[in-house]
Amino acid sequence: AKYNAGLSDLLARMKDLVQTHLGNSGVTVAIFGSAASGVHSLESDLDLSLEVHPSSRFATAPSPPSNKNDRRRKTTLKANKVRLLREFLRFLRKQPVRQVQLIAHANVPVLKFIDSTTGMQCDVSVDNNGVFKSQVIREIVAIDPRSRDLICLVKCWAKSQKINDSSGGTMNSFALSLLALFHLQQTTPPIIPAFVHLLASDPLKGKAELDAEEASMYPILGKSAPPERRKADATRDVAKCRARAQVLISEQFGMGNCLGLGALLATFFARFAAVGKYWDAGLNVRPYAGKFGRGAQWSSKNYEMMLE
């Protein structure tokens with residue numbers, strides 16, 4: 001209760017700060033990460049995104065499609081994000097904060113600080129796509145309470161093993177959440193459905209695309225995503241995801257699987273240990289399909305471990 005109260009207080013103060021000083025510039029605040037997904041611990045940071053309206057002076061106008069223009073646009077976009085974070089920093093310094101650090105040269109520029117009132121670490125970025133991801137995870141874990149508990153256990157284990165920091169070459173909190181949810185998709189019967197059933201604009205067409213990929217028997221390394229998948233990525237319809245999740249809840253999806261949390265954690269480790277020798281061959285964890293795959297549409301190369 002104390003953590004939640006502190007979280008609400010800090011979030012309200014940050015929203016008020018942005019509304020007062022940047023509201024007229026088309027900037028708002030959105031929460032994302034573990035706290036937004038409902039899979040946080042009492043030590044979780046607060047992740048905030050400064051959301052920029054297209055008409056804002058901090059926005060970047062779209063450019064014609066070309067590699068040169070795309071690189072230039074990305075450079076300008078990053079510069080605008082840093083400019084907004086510096087502007088926010090001017091007002092933030094007047095608040096009860098400490099250990100303020102602007103990391104401007106990271107792939108995703110971020111402003112870090114500790115709130116002296118609550119003692120909470122806070123990371124602020126700009127137009128972070130984690131906002132959508134967090135909203136989706138929140139809807140998915142509502143389908144079965146075991147999903148939230150398993151995610152928290154996996155994250156706790158990863159922290160104890162010091163493999164929960166993407167800046168150090170390991171997995172971030174979102175990746176660990178996806179691994180846990182994928183395991184629940186793989187149980188018999190599944191506890192969580194493949195994401196295609198929740199995110200595709202037309203789940204039947206989306207499933208047909210996935211079946212066609214699987215039937216082709218070749219790796220999807222670097223290939224373009226099929227139309228229904230591209231549409232789902234572009235639409236990002238959280239309301240539709242929520243409505244479909246509510247239907248599954250009413251149908252008691254996953255309740256036919258009686259495995260307890262201990263058994264689910266044990267089989268989580270067993271599942272990924274069993275496929276360890278296949279990562280070098282391009283094995284990919286695909287929660288959207290609810291199946292393992294080979295290669296990935298978002299990359300033309302292999303990694304130590306691939307997670308869609």
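Q: Why is H6 called largely enclosed by the rest of the structure?
A: In this predicted model, 11 of the 14 residues of H6 are buried, so the helix is largely enclosed by the rest of the structure. Buried means under 20% relative accessible area.

Q: Which residues of H6 are buried?
A: The buried residues of H6 are Ala-175, Leu-176, Ser-177, Leu-178, Leu-179, Ala-180, Leu-181, Phe-182, His-183, Leu-184 and Gln-185.

Q: What covers the buried residues of H6?
A: The cover includes helices H4 (130–141), H5 and H11 (261–274). Strands E6 (283–286), E7 (291–294) and E8 (306–307) are also part of it.

Q: How does the reach of H6 compare with the expected value?
A: H6 has 14 residues and reaches 20 Å from its first C-alpha to its last. At 1.5 Å a residue, 20 Å is expected, and the reach is close to that.

Q: What makes up the contact of H5 with H6?
A: From H5 come Ser-147, Leu-150, Ile-151, Val-154, Lys-155 and Ala-158. They meet Ser-173, Leu-176, Ser-177, Ala-180, Leu-181, His-183 and Leu-184 in H6. By class, this contact has eight nonpolar, four polar and one charged residues.

Q: Why are H4 and H10 called roughly parallel?
A: The axes of H4 and helix H10 (residues 238–250) come within 9 Å and cross at roughly 10°. Angles under 35 degrees count as roughly parallel. H4 and H10 are therefore roughly parallel to each other.

Q: Which residues of H4 and H10 meet?
A: Phe-132, Gln-135, Val-136 and Glu-139 in H4 meet Val-238, Cys-241, Arg-242 and Ala-245 in H10. The classes here are five nonpolar, one polar and two charged residues.

Q: How do you know whether Asp-115 is buried or exposed?
A: Asp-115, in strand E4 (residues 110–115), has a relative accessible area of 0%. The limit for buried is under 20%, so Asp-115 is buried.

Q: What is in contact with Asp-115, leaving aside its neighbours within four places in sequence?
A: Asp-115 is in contact with Leu-10, Arg-13, Pro-96, Val-97, Arg-98 and Met-120, those neighbours aside. Leu-10 is 105 residues from Asp-115 in sequence, yet the two are 7.7 Å apart in space, C-alpha to C-alpha.

Terms used. Residues numbered from 1 in each chain as written. Predicted model: local features only at pLDDT ≥ 70, side-chain atom pairs only at ≥ 80, totals over all residues. Heavy atoms only, no water. Contact = heavy atoms within 4.5 Å. Helix = DSSP H or I, 4+ residues; strand = E, 2+ residues; numbered from the N terminus. Nonpolar A, V, L, I, M, F, W, Y, C, P; charged D, E, K, R; others polar. Expected span 1.5 Å × (residues − 1). Buried < 20%, exposed > 50% of the residue type's maximum accessible area, 1.4 Å probe, protein only. Axes fitted to C-alpha atoms, helices over the stretch in contact; angles between N-to-C directions. Parallel < 35°, antiparallel > 145°, perpendicular 65-115°, else oblique.
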